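Colleague: Hi! Could you walk me through this model?

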Amino acid sequence: MAFEIPSDLHPDLMPVAWLLGTWHGNGRGEYPTIEAFGFEQDVAFAHDGRPFLHYFSRTWITDDAGERVRPGALETGFLRPSGEGKLELVLAHPTGYAEIWYGEVEGARVTLATDVVARTVTAKEYTAGQRMYGLVEGALMYAYDMAAEGQPMQSHLWGKLERA
C-alpha cells in the first residue's frame, strides 16, 4: 500500500512519518515465567498537526491455528521527537504501569529504552524494557525485551505488522 506524508504533519515528525497509519499482523511472545504464546495485533500511529504521534496497540492471544482466544495487552501513549533524532515515549497500560522511554530514530529504525517504570501496588513486578521498531520491505517489524519478575533483560515479544 502506498504511503503519503500528510500535508499537515508537524515538521518535527518527519523522521518518524513512516510509522503513521494503522498496522495489523501477528507476533510471538515468551518469557521464563510464562508459556510461549502467539498473538494478533492492531497498532495505530496518528497525528493531529501537533509535534507528537498518538500510539495505540491492541492484541489478542491466538491459538495454534491463529484464531483469537482472548483479549491480550493494550497500551497507549505519545511518541515525541525531542530534537536531533532523539525521541521520548510516554506509555500507559491497563495492567497498572506507566512508563517513560527515551531513544532515537535513525532512518527507518526506532530504538527506545525505559527511563522510568511506575506501577500500581497490584501490578506485577516489571522494572525495565527495550524496544526496536523498523520498516523492513514495507512491514513494521519490532522486538520488545524486558526485565520482570526477577529476570534479567531478555527477549519477550516480536512481531511483523503490515500497513492496513
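Modeller: Happy to, and here is a short tour, starting with how to read the model.

Modeller: This is a predicted model, in which local features need pLDDT of at least 70 and side-chain atom pairs count only at pLDDT 80 or more, while totals for chains, interfaces and linings use all residues. Residues are numbered from 1 along each chain as its sequence is written, and side-chain values use heavy atoms, with hydrogens and water left out.

Colleague: Thanks! In what order do the strands close into a barrel?

Modeller: Ten strands do this in the order S1-S2-S3-S4-S5-S6-S7-S8-S9-S10, with antiparallel pairing. From one strand to the next, the twist averages 25 degrees. Angles run from 0 to 180 degrees between N-to-C directions, and axes are lines fitted to C-alpha atoms. Strands here are DSSP runs of E with at least two residues, and helices are runs of H or I with at least four, numbered from the N terminus. Two strands pair if DSSP finds at least two bridges between them.

Colleague: What holds paired strands together in general?

Modeller: Strands of a sheet pair through backbone hydrogen bonds, either parallel or antiparallel.

Colleague: How many bridges join S1 to S10?

Modeller: Seven bridges join strand S1 (residues 21-31) to S10, and the two run antiparallel. His24 has Glu162 in S10 as its bridge partner. S9 and S10 also run antiparallel, joined by eight bridges, and Ala143 stands opposite Trp158 in S10. Strand S2 (residues 34-46) pairs with strand S3 (residues 53-62) over nine bridges, in the antiparallel sense. There, Glu40 has Trp60 in S3 as its bridge partner.

Colleague: And what does UniProt annotate over residues 13-163?

Modeller: The unreviewed UniProt entry gives "domain: THAP4-like heme-binding" for residues 13-163. Positions follow the numbering used here, feature names are shortened, and annotations may be inferred rather than shown by experiment. That span is 0% helix and 72% strand, with its end C-alpha atoms 19 Å apart.

Colleague: Switching topic: how many aromatic pairs does a search of the whole structure find?

Modeller: Seven. Rings of Phe, Tyr and Trp (its six-membered ring) pair if their centres lie within 6.5 Å; planes under 30 degrees apart count as stacked, over 60 as edge-to-face and the rest as tilted. Phe37 and Phe39 are tilted, because their planes are at 40 degrees, with ring centres 6.0 Å apart. Both Phe37 and Phe39 are buried, and buried means under 20% relative accessible area, exposed over 50%, and partly exposed in between (1.4 Å probe, protein chains only).

Colleague: What about Tyr97 and Tyr126, how are they arranged?

Modeller: Tyr97 and Tyr126 form an edge-to-face pair, 5.3 Å centre to centre with 90 degrees between the planes. Tyr97 lies in strand S6 (residues 97-106) and Tyr126 in strand S8 (residues 126-136), so the pair ties together parts that are 29 residues apart in sequence. Tyr97 is buried at 14% relative accessible area, and Tyr126 is buried at 5%. There is also an aromatic cluster made of Phe45, Tyr55, Tyr133 and Tyr142.

Colleague: Which ring does the charged end of Arg131 sit over?

Modeller: The ring of Tyr144, with 4.9 Å to its centre. Arg68 lies over the face of Trp60, 3.7 Å from the ring centre. The rule is that NZ of Lys or CZ of Arg is within 6 Å of the ring centre and within 35 degrees of the ring normal.

Colleague: Is His156 buried or exposed?

Modeller: His156 is buried, with a relative accessible area of 10%, and belongs to strand S10 (residues 154-163). Leaving out residues up to four places away in sequence, His156 touches several residues, including Arg28, Tyr31, Phe37 and Tyr144. Contact means heavy atoms within 4.5 Å.

Colleague: Last one: where is Glu84 found?

Modeller: In the loop between strand S4 (68-81) and strand S5 (86-93). Glu84 has a positive phi of about 50 degrees although it is not a glycine. Most residues other than glycine have a negative phi. Glu84 counts as exposed, at 84% relative accessibility. Glu137, in the loop between S8 and strand S9 (139-148), has a positive phi near 50 degrees and counts as exposed at 85%.
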